[in-house]
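Please keep the viewer open as you read, and take the points in order.

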Amino acid sequence: MKDQFGRQIRYLRISVTDRCNLRCTYCMPEEGLPWIPKAEMLNYEEIAEIVRQMADMGLERVRITGGEPLIRHDLPRLVEMIAAVDGIDDISLSTNAILLPRFAGRLRDAGLQRVNVSLDTLDKDAFVKIARRPARRFEETLIGLRAAEDAGFSPIKINCVLMRGLNDNEVPAFAQMTRRRPWHVRFIELMPVGENLHLTDRYVSTDEALERINGVGGLEPDPGPLGNGPAVYYRFPGGRGTVGVITPMSHNYCDRCNRMRLTADGRLRTCLFGDHEVDLKGPLRESGTIEAAVLEALAGKPKQHYLQIGSASGSGGLAALSQVGG
Ligand code: SAM
Ligand code: SF4
């Protein structure tokens, strides 16, 4: 699968639900976001069939995301179905970790290889402000992170969205954790979508975050863990984990983009932003084949995104990242 700019597409991010047990301020509005009706969502057999047909076209890697993917019923069953597809050699999950104590072991047995956990703060009061949920959810997140380690997932990546006045003061503490723990902490620049423009003043660049860390002790460039995503990594000399930065706003990495996204209701999006998408559910249900629709999507994959700090105009009418899987 190659697009018109010669980028090889091998990676599909699958959103299995747009719903979530948190309401992170940068990702979802507190209320009023319309959910995809359940009847319009792809079932697991349909998702696995899409993966099968795309694997025949060159797909190799799959990440399951959402909303919060673990609130979808019996997710390990879907993992098992995807793991059985010839050609798929890497399956990973993005999660807020709250439900990992219940599912980590079964997910691992089903063939899940890696997890990314969202953790924006090490402070429970800040968590309550950012996730708009009670402090016990913070404890559950930390317990979930431990469950991922106990189940043997490796590497464990931690995603932290930078926000001035909410968690930017914690950047050095997050970085210091990687000295002792084999965790890969990735600082992500806040991206503007329709419902989070109230956070515009909170934007912090990853360059600023790195400057703060280097005030604590020198980081050195590092190849980072397996995954070949857009993050650029560093390590403290002798550190067990790494510090990564993901820079969609300050330095876009669109020229290296190797991914497409499948929404929970079966739309294939070629860019996280922009409004280019092609329906796969219709062709799948009508003719059983999606190849032509996938080729059409590939042909329309935009060269780059046009996000701008302080404006939602580049986000293609998206109200929230939870609608497409971040
Ligand atoms: N619920 C899961 C989680 O939180 O990891 C998976 C879905 S979440 C939408 C996937 C990723 O998108 C998370 O790492 C989250 O921090 C990131 N994200 C969501 N909205 C964002 C925004 N406006 N800017 C930057 N990252 C965002
Ligand atoms: Fe939910 Fe993840 Fe979005 Fe937070 S970032 S609201 S956990 S989907």
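**Notes for a first look**

1. Let's begin with ligand 2. The shell of residues around ligand 2 holds 6 nonpolar and 2 polar residues, with no charged ones. Please keep in mind that this is a predicted model.

2. Which residues surround ligand 2? Cys-20, Leu-22, Cys-24, Tyr-26, Cys-27 and Met-28 do, together with Gly-67 and Asn-96.

3. Next, the fold as a whole. The protein has 9 helices and 12 strands. Its radius of gyration is 19 Å, close to the 20 Å that the globule rule gives for 326 residues, so the protein is as compact as a globular protein of that length. Along the principal axes, the C-alpha atoms fill a box of roughly 60 × 40 × 40 Å.

4. On the interior: of the 326 residues in the protein, 58% are buried.

5. Which helix gives the largest share of its lining? That is helix α5, residues 135-150, with 5 lining residues.

6. To find this pocket in the viewer, look for its lining residues, among them Leu-119, Leu-122, Phe-138, Leu-142, Leu-145, Met-177 and Trp-183. Arg-146, Glu-149 and Arg-181 also line the second largest pocket. By class, the lining has 7 nonpolar and 3 charged residues, and no polar ones.

Note on methods: Residues are numbered from 1 along each chain as its sequence is written. Chains are lettered from A and ligands numbered from 1 in the order in which they are written. This is a predicted model: local features need pLDDT of at least 70, side-chain atom pairs count only at pLDDT 80 or more; totals for chains, interfaces and linings use all residues. Side-chain values use heavy atoms; hydrogens and water are left out. A residue is near a molecule or strand if one of its heavy atoms lies within 4 Å of it. Ala, Val, Leu, Ile, Met, Phe, Trp, Tyr, Cys and Pro count as nonpolar, Asp, Glu, Lys and Arg as charged, and the others, Gly among them, as polar. On a 1 Å grid over the protein atoms alone, a cavity is a set of points where a 1.4 Å probe fits but cannot get out, and a pocket is an open set with protein on both sides within 12 Å along at least five of seven lines; lining residues have an atom within 4 Å of a point. Helices (H or I, at least four residues) and strands (E, at least two) are DSSP runs, numbered from the N terminus. The radius of gyration is taken over C-alpha atoms; the globule rule is 2.2 Å times the number of residues to the power 0.38. Buried means under 20% relative accessible area, exposed over 50%, partly exposed in between (1.4 Å probe, protein chains only).
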